[in-house]
Amino acid sequence: MKNLSLKSLSKTYFDPYAGSHYTALHDITLDVPAGEFVSVVGPSGCGKSTILNMVAGFIPHSGGEILVGGQPVKGPGPDRGVVFQSFALFPWKTVLENVGFGPKMRGVPKAERDEIAREYLAMAGLSHAADRYPNELSGGMQQRVGVVRALANKPDVLLMDEPFASVDAQTRMTLQEELTRIWEERRPTVLFITHDVPEAVFLANRVVVLSKGHVLADVPVPLARPRVWDKLVEDEEFKDLSNKVLALVRSA
Amino acid sequence: MNALLPLWAFWARATKQFPVLQTLAPFVPVVLLWQAVASWGPFPPAFFPSPMDVVRNFQMLMYKGILPEYLGDSVARLAAGAAVGMAIGIPLGLLIGLSKRAYAALWPIVLFFQAIGDIAWLPILIIWFGFGLTTMAFVIVYTVVFPVIFNTVLGVRSVKTDLYRAAQSLGAPPWRILFEVVIPGALPNIITGLRNGLGYGWRALIAAEMIVGTSGIGFMMFDARRAGSVTEIVLGMIVLGILWYIVDAWVLAPIERATGRRWGLVTQ
Amino acid sequence: MGRSSRILETMKFIAPLAFLVVVWAIVVPVFQVNPQIFPSVPAVFRAGLDSILNGTLIVHVGASMGRVILGTVLAVLVAVPLGILMGISKGVSDFLTPLLRFFSVLAGIAWIPLATLWFGYGFGAIIFVIFNGVFFIVVYNTLLGVSTIPLSLRNAAASLGAGPWALFTEVLLPGALPNIVTGIRTGLGFAWRGLIAAEMIATNVGLGYMLFVARDFYQTEVIVFGMIVIGVLWLLIDRLVLAPLERATVERWGLVR
């Protein structure tokens, strides 16, 4: 695992209709130490997804630096695994082939990458779905595959873009608990984007609140692990933290 | 890079104000390339005319009144064919879509006759009706009818059961359900069918005019071929393309959008 | 679907057509239709049998099918990679769309006069017409298919380490495949008509030619037989090759367009 570091990151777009540039993000400085889970929250339009897209290398940044383990980011790469809000599973590949896609790109032979994929699927309790196509699975199952696919490629940093926003509330809580469990086992470096404040607090070691293109606050979350919803909904510390972050988001 | 930004801004604003620019722009390099090949290429002008030759030919045929007359003939045939094709296709499509028995009895026949294809009818039509208008009318109607039937059936099937039930429970008798629910519900598909049908019909008309015609754009092109005038053939092709583009993009597509999008029915 | 139910389906499909043949067999002798206007069933049967026995049918069908297959395969081989390359960039595909639509309108039949002038009557001109009919529609549909692939899928592949070639084979090609198949189906429909028309005008062998020559001698039984052959051939191509291909991709992957 490596650390992720954003230094004075900025993003400006050119608007051809107005004929001028406008600034979506300015001077974002953020450090995610190796093995830490950082959530970024903020109202819609605050630029949180733009940050993730730049870190993933999907869009270029206009100024500043993005460093993964000290190396500057140039375009998308397997060192940063991405979990998408829309799952982004390949509809023409089975679950097994989806999970084995990363290893396949590294040139791992078929038998070996199938083995890797099966191992990771077993970890998420998905062994029975290996030969199904994504559209035959529920939303929750699809996103489990999405997470497993990113992990199976052994990334240095895991980037998650509102991954649970399009599954139902019940499933979302289960997925959140599964994610904390996996994180506790493997300690990946995670940058997690969401607009859901309790989710951000529940998952993270630190919550970064974003507002109108800059960092508003950086709130540490010292809650004990393992974290499960049954305990935390009653937990005063969790409630206080959530309310604090929520107030910050509202003020943004 | 930065020097290009004002240019981009200019283009974005220009196309926003005049969307037709976006359609025309890609043709500029094509015409330039065409001119370049005609000027410096290895082909003799009789074999490969230049854009200016075609423009001159266009002016000449317009001046003589041949082009407007032929164009009028082709468009009138297409319009008449479309009207008759819809008059036959929509009721038939409704029948097949609504009745299981009609479906069982007629669907294979429709599929088979559609498979024969308009143009294969030409020889026997020429025997029946001679070289003339009836033959061409038959071919166009034949071509338009099948896509209209297929899409009407599709449209009828796409009307949600709940809508029938809602109309029934609101006290609508069957014939009112047909006019108030089924036909409006199927309309976006019917328009799509007409659009496809005219697409095929247009091509069939050209073929028919070439083979049996005494007037029309297809005839003009084939006549030019006999006389060896490549310029006139190319002119005919351009006129065909532009005309269909206008009909499709400015008449049919907006109607399709107006029904489909307005009601939030996705018909793709 | 079980074997017996498939036979039942086929029977159900054939029954109305068989009924039509029965009506035809009764109407023609009862009303004493002039065979130069419309042939009787036995006459068509005999014409069919003759053309099978003396080998002319095979020659004509072979010529037509050979042209369609060659023209289509050539067109698809060129059109698909080109369409995908054009579709990668939204700017490029937006720019080229009007051009492609213009040429797909002209595709096929409208090229017959020019094709026959450039290549002379015969094989070259017909292949050109078919190529044309399929090419532009397949390029257009491929481009459309690539543009319907969600950006997140391309991003996902890139972030899992896919290079340009893997992106092409693993994402863009399969993602555009349903549209490509639809494009081939439509294009082949146009090309098939273009073929028949071109054969009537520009050759001395093929189904279109067979029909058109029969017309000169008022051999309606040969014409009707030829029409039936054309209809059956197209049904077979469409139902046994194109439709299953379309279903296999679209339904299995749950890609709804």
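Biologist: Which residue takes a positive phi just after H5(C)?
Modeller: Bear in mind that this is a predicted model, where local features need pLDDT of at least 70, side-chain atom pairs count only at pLDDT 80 or more, and totals for chains, interfaces and linings use all residues. Residues are numbered from 1 along each chain as its sequence is written, while chains are lettered from A and ligands numbered from 1 in the order in which they are written. H5 of chain C covers residues 112-119 (helices, H or I with at least four residues, and strands, E with at least two, are DSSP runs numbered from the N terminus). Just after H5(C) comes the residue with a phi of about 80°, and that is C:Gly120.

Biologist: And which residues of H5(C) are buried?
Modeller: Buried means 20 or more other C-beta atoms within 10 Å of a residue's own, exposed means 12 or fewer, and partly exposed is in between, with C-beta atoms placed from the backbone. In H5(C), the buried residues are C:Ile112, C:Pro113, C:Leu114, C:Ala115 and C:Thr116.

Biologist: How much of chain C is made up of buried residues?
Modeller: Chain C has 10 helices and 0 strands, and its C-alpha trace spans about 75 × 55 × 30 Å along the principal axes. Of its 257 residues, the buried ones make up 47%.

Biologist: Among contacts in chain C between residues at least 6 apart in sequence, what share joins residues at least 24 apart?
Modeller: A contact needs two C-beta atoms, placed from the backbone, to lie within 7 Å. For chain C, with pairs at least 6 apart counted, the share joining residues at least 24 apart is 75%.

Biologist: Which strands stand at the edges of the open sheet in chain A?
Modeller: Two strands pair if DSSP finds at least two bridges between them. The open sheet has 6 strands in the order E6-E7-E8-E3-E9-E10, with mixed pairing. Two of its strands have a single partner each, so one side of each is left without a neighbour in the sheet: E6 (80-83) and E10 (214-220).

Biologist: How far apart are the C-alpha centres of the domains of chain A?
Modeller: Chain A is divided into domain 1 (4-79 + 155-251) and domain 2 (90-154), with bounds from an automatic or database domain assignment. Their C-alpha centres lie apart by 25 Å.

Biologist: What element gives the most to the side of chain B that touches chain C?
Modeller: This contact takes 40 residues from chain B and 43 residues from chain C. With 9 residues, the element that gives the most on the chain B side is H6(B).

Biologist: Where in chain A does A:Phe87 sit?
Modeller: A:Phe87 has a positive phi of about 70° although it is not a glycine. A:Phe87 is also buried, with 25 other C-beta atoms within 10 Å. Its place in chain A is the loop between E6 and helix H2 (95-99).

Biologist: Is A:Arg187 buried or partly exposed?
Modeller: A:Arg187, in the loop between H6 and strand E8 (189-194) of chain A, has a positive phi of about 50° although it is not a glycine. With 13 other C-beta atoms within 10 Å, A:Arg187 is partly exposed.

Biologist: What is the omega of the peptide bond from A:Arg225 to A:Pro226?
Modeller: A:Pro226 lies in the loop between E10 and helix H8 (229-232) of chain A. The bond from A:Arg225 to A:Pro226 is cis, with omega near -5°.
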